[in-house]
Amino acid sequence: GREYPPYIVSGWIKRNVFYEVLDKKILTNKQIYDCLTSDVRTYDALLRKMYAKYPDKADLIEKAFHDEGISPDVEKPGSDIIYFKDKTVSSSQTINGKNIVLENVNITNNAELTLNMEKSITINSPFVVNSGSRFNFFVK
C-alpha cells in the first residue's frame with residue numbers, strides 16, 4: 001500500500017469520527033478533505049477549520065465528535081453571527097446583524113448588497129461584485 005508521512009498517521013486521528021460525520025450526512029468526503037490541510041494536526045485545529053467552513057453545521061459536527069469521545073476545546077460559532085454563504089445576489093438585498101460573514105458571494109445583474117453591522121464583517125473568497133453592481137457596508 002501507499003506510505004504516508006508520519007504526521008498524517010500520527011495517532012491523533014480516530015477514523016470513526018469521519019465515518020460518523022459521513023454516515024449522518026453532516027459533511028461530504030470532499031468537505032472533510034478540504035478541512036485536512038497541512039496546518040491541521042489536532043482535533044482543535046480540525047474543528048476550527050470545520051466550524052469556519054461550515055458554521056451552519058457546527059452543532060452536528062460537535063455532536064459527532066462528542067459521540068466518538070472527542071471533546072476539543074474550540075468555541076462554536078455564536079448565534080450573533082450571520083453567515084451569508086454560497087449566494088448569488090441578482091436583486092438588491094440588505095442584511096442586518098452584529099457580525100456578518102460572507103463567503104462565495106457573487107453580486108450580479110446590477111444588484112446592490114448592503115450590510116448593516118454592529119461589530120464586524122468577514123469576507124472570505126470568492127467574493128465578486130460584477131460590473132454595474134454595488135456592495136455597501138455600514139457600522140452602526
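Biologist: Which residues have the most contacts inside the largest nonpolar core?

Modeller: Start with the general idea: in soluble globular proteins, nonpolar side chains tend to be buried together. Here, the largest nonpolar core has 21 residues, and those with the most contacts inside it are Leu27, Leu46, Met50, Ile61 and Phe65. A nonpolar core is a set of buried Ala, Val, Leu, Ile, Met, Phe, Trp, Tyr and Cys residues joined through side-chain atoms within 4.5 Å. Buried means under 20% relative accessible area, exposed over 50%, and partly exposed in between, with a 1.4 Å probe and protein chains only.

Biologist: Which helix gives the most to this core?

Modeller: Each of H1, H2, H3 and H4 supplies at least two residues of the core, and H3 gives the most, with six residues. Apart from this core lies another, of eleven residues, including Ile95, Ile100, Leu102 and Leu115.

Biologist: What should I know about the model itself?

Modeller: It is a predicted model, in which local features need pLDDT of at least 70 and side-chain atom pairs count only at pLDDT 80 or more, while totals for chains, interfaces and linings use all residues. Residues are numbered from 1 along each chain as its sequence is written, and side-chain values use heavy atoms, with hydrogens and water left out.

Biologist: How many helices and strands does the protein have?

Modeller: There are four helices and four strands, in the order α-α-α-α-β-β-β-β along the sequence. Both are DSSP runs numbered from the N terminus: helices are H or I, at least four residues, and strands are E, at least two.

Biologist: Which residues of H4 are buried?

Modeller: An α-helix has 3.6 residues a turn, so residues three or four places apart point the same way. In H4 (residues 58-67), the buried ones are Ala58, Ile61, Ala64 and Phe65. They lie on the same side of H4 because they cover an arc of only 130° around the axis; the arc is that of the directions from the helix axis to the C-beta atoms. Their cover includes helix H1 (15-23) and helix H3 (43-53). After H4 comes Gly69, with a positive phi near 80°.

Biologist: What covers the buried residues of H3?

Modeller: Tyr43, Ala45, Leu46, Leu47, Met50 and Tyr51 are buried in H3, and their cover includes H1, helix H2 (29-35) and H4.

Biologist: Which residues does Met50 touch?

Modeller: Contact means heavy atoms within 4.5 Å. Leaving aside residues up to four places away in sequence, Met50 touches Leu27, Ile32, Cys35, Pro55, Ile61 and Phe65.
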